[in-house]
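Student: I have a model on my screen and would like to learn how its features get their names. Could you take me through them?

Tutor: Gladly; ask away, and we will set each value against its definition.

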Amino acid sequence: MLSFPLLIFISIVILLPAHPRASKVNVSLSRELFTQTAKAFPTATSPIDNIIPPGGVDSPSLQDWCPSKIFCPGDLLQLVSLANLWSLNLIEDKNYFVMKPPLLQTSSILDIFEAIHDGDHAHATFEEIMDFVDTYFLGDDADLEPVLVNAFNPDPVFLKDIPDPLVKAFTQAVHMIWAQLVRRRKEHNFCNGLGCETTILPLNHSFVVPSELDREPYYWDSFWIMEGLLASELFDVANDTLQNFMDEIEKYGFIPNGGRIYYLNRSQPPLFIQMLHRYINVTNDKLTLKRALPLAERELVWWWQHRSINVTSPTSGQTHLLAFYNVKNSAPRPEVYWSDYHDAAALNCTGCFVSDLYAELASGAESGWDRSSRWMNGRDILFPDVRNTVPVDLNSILYRNHILLASLYPQESDDAKRNLASAERLRSGILDLFWNATKFAFYDFNIREGRQNMIFTAANFYPYWSGIIPNEVMESGDNAWKAFSSVNMAMNRWNGTFPATFVETDLKWDGPNAWPPHQYIILAALRLLPGNLTSKIAPIPPINESSFALIPEGQLNKTEDELWTEPLYPYVRSNLNGLGADVNFVQEIRGRTVLNGGEPQGEQEGWGDMLQRELANRYLASALCSWQATGGSVPDLLPRLSNANLSVTQSESTTGNIFDSFSVLDIVSTGKGDVLTQASS
């Protein structure tokens, strides 16, 4: 069984999963398409319309959920966003403008905006727009201030249980990052005391941002924040996190995607109840529980009222009430306005489809998997089909929410019984719609076509994490192995962890990207399997075959030849199939790969313990080695790389980065995600 200290380490190193942010490392596919048709690269005096292609939105639709005339979709936001002032290299598409408070009241800002280029905005220059922003707006962090964490303990108890000195030192370095990431809303007195707009929501308590580059808290990221805060004994910050969420439920009826006004049309995977349950179990804080219980119920009501749909099973004929992501939105998202606008332009579709695209992009952001082949459903890669997909992970989360919420009430109370009954109805729908007993896997359900989507993703493991184990899996250890055999293949075939999908599209939530939250969920799922199912030694492939042969036919919806091969050394990769494809199983080539690591628990180690050990150690290797590759070091234990080596990652002046995603093919490489923060050794 994976040791508890190592699980704590994973929680702290994860810090947060990624959220809808654009990559700083790779240009996304839509940007590549756009740059093929873009006009001459702009100069400061170029008219803005020189690089704006047609097809986005001629006149952006006002959104009733977004009240600002400056920072919500409208003429001002469109002009400033499409100038792309912070991203002239077409790589960074985060819109810092929407985080910059104005120096004047709204009416004055609008008057000045109307006068730009004598009102002829189509021919306004970059210089004019930049002057407007620089003159009348503050910095993008002006409405926040750092918070000194009181009684910060550099040596929390869990560190004492980590025997390896290097792992312990690295984990402590990551633990120390908390002190850099706590913020609160700044009360300012701009505009001569009359008050100016700000997009930050009225959060009354401190919060943790995902990285030093971020300017607000995010919802589902905060589940892993909570895990780390509790392990690091930062109980006050953990409580503040919950209090902010409770304030939001009271004010809005739900928890928005993030802590700014332009997130008020969408939520994210609803993990508040699970955060609350974990916090109460650790702290026994009855006062917080008393406030939280009715608000937890209210959030569930919001999901079932605003994000639910009746789906009839094509196999049983039964109709189930299930949840899906379905955001009402008809304009580019303010925080990534440039990106959304150009995605619409790249599609070159008629205007009637543009609003649908914007709704799909917002719904993808609500899912947390904002860009993935998971949502394609046979459509164009740039036009996701999120709203016609019923996600297995969302419904598994809601099932677990009802179970955990019931446990927070007295056992025989009506509230407990009501939530358990809701959970049971949901469990029935999850097994009926998502479970495939032939392939031993869970798949999303396609509403439009009335069938399962045959794209195997890491979401397959959410039901197990939530406590839903199909009868077929419970029948035997062999069947349980089939359900987790893809994890074994990933451990043998590649150097990294487990990919988001087995589809390569250059989208963030596809392979070969591997996301820390998924590793956490797979590990937790393995821990929840009954020991009698996982105690046997792992099976080995037939002679001259690879671990792919142990996966049920069709589970991955891929042939072995379609999977990635592992780079071994320059110009040489592992085999496409057969024994040579398992680079971590074949003794002759192990010297050029990352071993699965850890000490087997005896000669008869069961496959459940084996997969936990291998995956946890592989994640540790990814986090630690990429940290060293970007300047991390530990005196007397892990030397700092030479500047010549660090120049490869442009890290000569950094002291170690923690990334929000990795590559299954290269443990020192980030995925297509952002750098979260830097840890000083």
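Student: Which strands form the open sheet, and in what order do they stand?

Tutor: The open sheet has three strands in the order β6-β9-β10, and their pairing is antiparallel. Before we go on, this is a predicted model: local features need pLDDT of at least 70, side-chain atom pairs count only at pLDDT 80 or more, and totals for chains, interfaces and linings use all residues. Residues are numbered from 1 along each chain as its sequence is written, and side-chain values use heavy atoms, with hydrogens and water left out.

Student: Why are β6 and β10 said to stand at the edges?

Tutor: β6 (389-390) and β10 (451-452) each have a single partner strand, so one side of each is left without a neighbour in the sheet.

Student: How do you know that β6 and β9 pair?

Tutor: Strands are DSSP runs of E with at least two residues, helices are runs of H or I with at least four residues, and both are numbered from the N terminus. Two strands pair if DSSP finds at least two bridges between them. β6 and β9 (residues 445-446) have two bridges in the antiparallel sense, so they meet that cut-off. In one of these strands, β9, Asn 446 is the bridge partner of Thr 389.

Student: Why is Gln 274 called buried?

Tutor: Buried means under 20% relative accessible area, exposed means over 50%, and partly exposed lies in between (1.4 Å probe, protein chains only). Gln 274 has a relative accessible area of 2%, so it is buried. This residue, Gln 274, is found in helix α10 (residues 272-283).

Student: What is Gln 274 in contact with, leaving aside its neighbours within four places in sequence?

Tutor: Gln 274 is in contact (heavy atoms within 4.5 Å) with Phe 223, Ile 397, Arg 400, Asn 401, Leu 404 and Trp 465.

Student: What makes Glu 335 and Arg 266 a salt bridge?

Tutor: A salt bridge needs a side-chain nitrogen of Lys or Arg within 4 Å of a carboxyl oxygen of Asp or Glu. For Glu 335 and Arg 266 the closest N and O atoms are 2.5 Å apart, so the pair qualifies. Glu 335 lies in the loop between β5 and α12 (337-347) and Arg 266 in the loop between α9 and α10, so the pair ties together parts that are 69 residues apart in sequence. Glu 335 is buried at 5% relative accessible area, and Arg 266 is buried at 1%.

Student: How many salt bridges does a search of the whole structure find?

Tutor: The search finds 23. Among them is the one between Glu 366 and Arg 307, whose closest N and O atoms are 3.0 Å apart. Glu 366 lies in helix α13 (residues 351-367) and Arg 307 in the loop between α11 (286-306) and β4, so this pair ties together parts that are 59 residues apart in sequence. Glu 366 and Arg 307 are buried.

Student: Is Arg 387, which meets Glu 360 in a salt bridge, buried or partly exposed?

Tutor: Arg 387 is partly exposed, because its relative accessible area is 22%. Glu 360, at 3% relative accessibility, counts as buried. The N to O distance in their salt bridge is 3.0 Å.

Student: Why is helix α3 described as largely enclosed?

Tutor: Eight of the nine residues of α3 (residues 75-83) are buried, so the helix is largely enclosed by the rest of the structure. The buried residues of α3 pack against α4 (106-114), α5 (126-136) and α12.
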